[in-house]
Amino acid sequence: MTESPCYSGAWHLFNYYGADITSIAVDNHGLQTDNLPEYETQLCYVTPAHQYPMGSVLSLERRQSLLTWAQRVGAYIIEDDYDAVFTYVDNPLPALKAMDYHNRVIYMGTFSKTLGPGARLGYLICPDELLPAVQNMKALNNNGSQWLLQQFLAELMQNQVFYTHISKLACSYATRLTLLRDGLSTLFPEGKIAGATAGLHLSLRIARHTEFIARLQQSCLLAGIRFDTLPDIENGSEAAWRKENSDAVMFFGFGGLQIQQINKVLTVLEQALAQP
């Protein structure tokens with residue numbers, strides 16, 4: 001079971017191993033748990049804190065519903081918390097893992113967004129009964145991660161330096177997010193922006209024809225600005241979402257952009273929109 005649309009890395013991995021996949025469309029409140037099937041299921045892959053790629057947040061009610069469903073059908077939930085360490089609300093919802101009293105959640109995350117993708121470090125918190133199998137698979141796939149980098153990270157955490165680093169990054173990203181969100185809202189007043197409560201990208205849904213979006217995308221590319229659309233990242237998982245939605249979707253990342261670069265993005269978009 002996956003979200004629709006779903007992160008390509010997970011979607012392709014499940015397909016590679018021959019999984020029988022059912023995808024459930026997301027909406028403004030995340031995975032539509034009312035549509036989950038009532039038959040035995042092995043896995044359900046979700047990104048509840050900042051849905052990838054649409055950006056919605058799984059509501060508290062649906063989190064509880066998903067956990068209840070998983071216990072009922074015998075499914076394990078893979079909770080991919082890929083960038084929700086950066087939250088921009090005062091009271092973020094608890095992770096599914098924190099609400100899991102029946103050991104159904106496999107919680108995974110990465111340090112790629114906090115230390116950089118070159119670190120190649122991630123983590124997995126899984127039910128005790130799965131731990132031996134996970135350790136064996138990890139040992140068979142490689143000889144382990146860099147011990148020196150792991151020790152360095154452990155000391156950063158112990159000395160609280162890591163958390164100070166996260167706090168500074170979050171403040172910086174919040175400023176960039178606000179600038180980008182407000183700018184897009186001005187340029188596309190009819191649009192619907194999602195993803196502004198966590199993470200490092202926003203999605204913008206607008207009721208425009210694909211030809212308009214393609215012209216806008218091409219004009220931006222000529223000025224050195226790139227944004228992706230849903231067709232650019234489609235993998236097959238988006239079919240269920242498309243049955244319920246006809247809007248065009250654009251995605252804007254801001255994690256690697258400075259303030260002046262975001263201003264350039266907004267200026268280029270404004271100029272492109274002004275073209276006949």
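Figure 1. Axes are lines fitted to C-alpha atoms, for helices over the stretch in contact, with angles from 0 to 180 degrees between N-to-C directions. This is a predicted model, where local features need pLDDT of at least 70, side-chain atom pairs count only at pLDDT 80 or more, and totals for chains, interfaces and linings use all residues. Residues are numbered from 1 along each chain as its sequence is written, and side-chain values use heavy atoms, leaving out hydrogens and water. The view shows helix 6 (residues 210–222) with helix 9 (residues 259–274). Their axes come within 9 Å and cross at roughly 130°. That makes helix 6 oblique to helix 9 (under 35 degrees is roughly parallel, over 145 roughly antiparallel, 65 to 115 roughly perpendicular, the rest oblique). Helices (H or I, at least four residues) and strands (E, at least two) are DSSP runs numbered from the N terminus. Helix 6 passes helix 9 in a right-handed crossing (the near helix is turned clockwise from the far one by less than a right angle).

**Figure 2. Side chains between helix 6 and helix 9.** From helix 6 come F212, L216, S219 and C220. They meet V268, L269, A272 and L273 of helix 9 (contact means heavy atoms within 4.5 Å). Seven of the contact residues are nonpolar, one is polar and none is charged (Ala, Val, Leu, Ile, Met, Phe, Trp, Tyr, Cys and Pro are nonpolar; Asp, Glu, Lys and Arg charged; the others, Gly among them, polar).

**Figure 3. Helix 5 packs along helix 9.** Helix 5 spans residues 161–187. It packs against helix 9 at an angle of about 10°, with the axes 10 Å apart. The two helices are therefore roughly parallel. Helix 5 brings T175, R176, L179, L180, G183, L184 and L187 to the contact. Helix 9 brings I259, I262, N263, L266, L269, E270 and L273. By class, this contact has nine nonpolar, three polar and two charged residues. L269 and L273 of helix 9 meet helix 5 here, and they also meet helix 6.

**Figure 4. Helix 4 meets helix 5.** Helix 4 covers residues 147–158. Its axis comes within 4 Å of that of helix 5, and the two cross at roughly 80°. Helix 4 and helix 5 are therefore roughly perpendicular. L153, L156 and M157 of helix 4 touch V161, F162 and Y163 of helix 5. Six residues of this contact are nonpolar, with no polar and no charged ones.

Figure 5. The structure holds one cavity of 30 Å³ or more (points on a 1 Å grid over the protein atoms alone, where a 1.4 Å probe fits but cannot get out). A cis peptide bond joins S4 to P5, with omega about 0°. P5 sits in the loop between strand 1 (2–4) and helix 1 (8–16). Another cis peptide bond links Y52 and P53, with omega about 10°. P53 lies in the loop between strand 4 (43–46) and helix 2 (60–73).

**Figure 6. The backbone at N103.** N103 has a positive phi of about 55°, although it is not a glycine. It is found in the loop between strand 5 (76–80) and strand 6 (105–110).

Technical notes: 1 Å grid on protein atoms, 1.4 Å probe; cavity = no way out; pocket = protein on both sides within 12 Å on 5 of 7 lines; lining within 4 Å. Points joined across faces, edges and corners; volume = space filled by probe spheres on them.
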